[in-house]
Amino acid sequence: MQIILLFAVAMIAFFSTSCQQKEAQIAGTDIDLKAVKPVDKRGIVVYPSDLISLGAEQWVKMLVESGVNLLGIHTDTKLETLPGLKEYLESNQGRLLLQKCVEQGIAVEYELHVLQDILPRELYHEHPEYFRMDKNGKRQQKYNMCFTEEGAYKEIEKNILEITKWLKPTTHRYFFWTDDVQDAFCHSERCKPYSPSEQALIYENKLLEILRKVDPEAQVAHLAYLNTLEAPKKTRPLEGVFLEYAPINRNYSQALSDTHLKSLKQNLEVFPSNTAHVLEYWLDVSMFSGWDKTNLVQIPWNKRYCKRDVEMYNKLGINSITTFGAWINQDYLEAYGSEATIDIVKEYGDVLNNPEFRISLDADLSDWPPHPFIEELTAVWRDSISDSTVFDSKLTEEDFLFYFSTMDSTLTTVPFDKELSVAEGDRVELFFSANKDMSNYYCLEISPTGDILDYQAKHYRQFDEKWNFETIEVATSFLENRYIVEGRIALNELNKLGLGNEFNLGIFRADFKNEEEVVWYSWAIPDSKEPDFHIPSALKRYHLND
């Protein structure tokens, strides 16, 4: 896909510190922690010229070694064309590629902006009604079509039946996309009640009916991309039309934005998740280079970011994932190294084959999923105002992970010479109790610099300050008026303390404004006139996800 993209890979640099004594983590209540699975369809999409440049044998070897089992071949009518694809497939190299893919169990698909090929533009002079009407009421020869014009589909059917004589995806999935331009859908009287995504779905439903005449197993992609990201409402997909989600305008240093994620989830309410397909851009040299071959840019590959995204897609039930790898060719390998490039493709394949996401203890939250469990705490004894503290947690097979991200314009820390020093400054806190009456509970208080105060207690305020968590580890970082605390505790330690899948938890923060003024924040609302977290009402019931 070639589209002008305002894209910035924003790398946030933190000053990080780690506390060597202990490691901290909290388990997430309402977070979906279903086990992630290897991705079934693991793909890469390239141009015919990329295949020609490196040769069929080298490409297949790279895919096999990377565990990639799906090759997509792309044309866009701008840089590479459908006739050029046909010429390649019928060449010796093209036939060798298809043969090698069959031998190695690699599926082959064709992801194509093809509408200008199946509805030739020269028909405009004889049948202007086949073509889209712009907002000013004028028919336009360029781009797309009038999506409700039956006569146009008769022409499309004739041309598709010719194309499918030589274009045969081994998966029976067909990607015959609309044109790659923004704001080029139809405003005719019959089309204008429909959104761009609904117009596209009308077209895709028609394609399915046509293709089923020659391929009874045919499935057709509904491309959610740019103008068609919004889920269709007035039009429903026929059985056999599947979602293809392509979030081109995104920042890869961050998780999928709220807007993109909302759009994806809404589309998954219309299309089945078990047939949904994601087309990403992690390895798209052409996009990162601004589609300028004279200025090839190195892929800003980050395995952690890719893992983060794949786990999120996986948990939504999506098990077919590809990335553009356009312009991974001889020129790119000469510019940035053959071995280094192959290693990146191998890492990508490894992520899809082993998508369990591992969070690093480094106070860099880029490897955490989006949408945290808590996005504010309440100052119960200060007119119940709320802050912007973000808290989240995650359970792995071995650990209970957590983080706080806290806005603080009056950061107060004190030198650490004993554990109780932590109580003299800003901090975040977690209290764990197996039962509601807090007959035995465990407290963890962490400063912005990673110093820890931990102790065992019995209600009311009977403290054993010599007691410590054995496996607690934390890392902290600072950025402007914010500090981050990230930590983990081993699950087996929580189990030994009687903290099974369900217990009572307090989530707190102390914000020192000055030596005299402290604002106390809590997740729960303690039933006390004076600040006090050491009472049962300050904790809420919490569930570890299995």
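**Exercise 1. Which residues do ring pairs link into a cluster?**

Solution. The model is predicted: local features need pLDDT of at least 70, side-chain atom pairs count only at pLDDT 80 or more, and totals for chains, interfaces and linings use all residues. Residues are numbered from 1 along each chain as its sequence is written, and side-chain values use heavy atoms, with hydrogens and water left out.

Step 1. Rings of Phe, Tyr and Trp (its six-membered ring) pair if their centres lie within 6.5 Å; planes under 30 degrees apart count as stacked, over 60 as edge-to-face and the rest as tilted.

Step 2. The structure holds 27 aromatic pairs.

Step 3. The cluster linked by ring pairs consists of F373, F400, F432, Y442, W467, F469, F503, W523 and Y542.

**Exercise 2. Describe the pair Y332 and Y336, then the pair Y442 and W467.**

Solution. Step 1. A pair of aromatic rings is described by the distance of the centres and the angle of the planes. For Y332 and Y336 these are 5.0 Å and 45°, a tilted pair.

Step 1. Both residues belong to helix α11 (residues 330–336), where they are 4 residues apart, or about one helical turn. Helices (H or I, at least four residues) and strands (E, at least two) are DSSP runs, numbered from the N terminus.

Step 2. Buried means under 20% relative accessible area, exposed over 50%, partly exposed in between (1.4 Å probe, protein chains only). Y332, at 1%, is buried, whereas Y336, at 26%, is partly exposed.

Step 3. The ring centres of Y442 and W467 are 5.0 Å apart and their planes meet at 40°, so this pair is tilted. It links distant parts of the chain, 25 residues apart: Y442 is in strand β15 (residues 441–446), and W467 is in the loop between β17 (462–464) and β18 (473–479).

Step 4. Y442 is buried, with a relative accessible area of 6%; W467 also counts as buried, at 16%.

**Exercise 3. Which face of helix α8 is turned away from its buried side, and what does it carry?**

Solution. Step 1. In α8 (residues 258–268), the buried residues are H260, L261, S263, L264, N267 and L268.

Step 1. Seen down the axis, these fall within an arc of 160°, so they line one face of the helix. The arc is that of the directions from the helix axis to the C-beta atoms.

Step 2. The face turned away from the buried side carries the exposed residues D258, T259 and K262.

Step 3. The cover over the buried residues includes β6, β7 and α10 (303–315).

**Exercise 4. How far is the charged end of K206 from the centre of the ring of Y153?**

Solution. Step 1. A charge sits over a ring if NZ of Lys or CZ of Arg is within 6 Å of the ring centre and within 35 degrees of the ring normal.

Step 1. The charged end of K206 sits over the ring of Y153, 5.5 Å from its centre.

Technical notes. Contact means heavy atoms within 4.5 Å.
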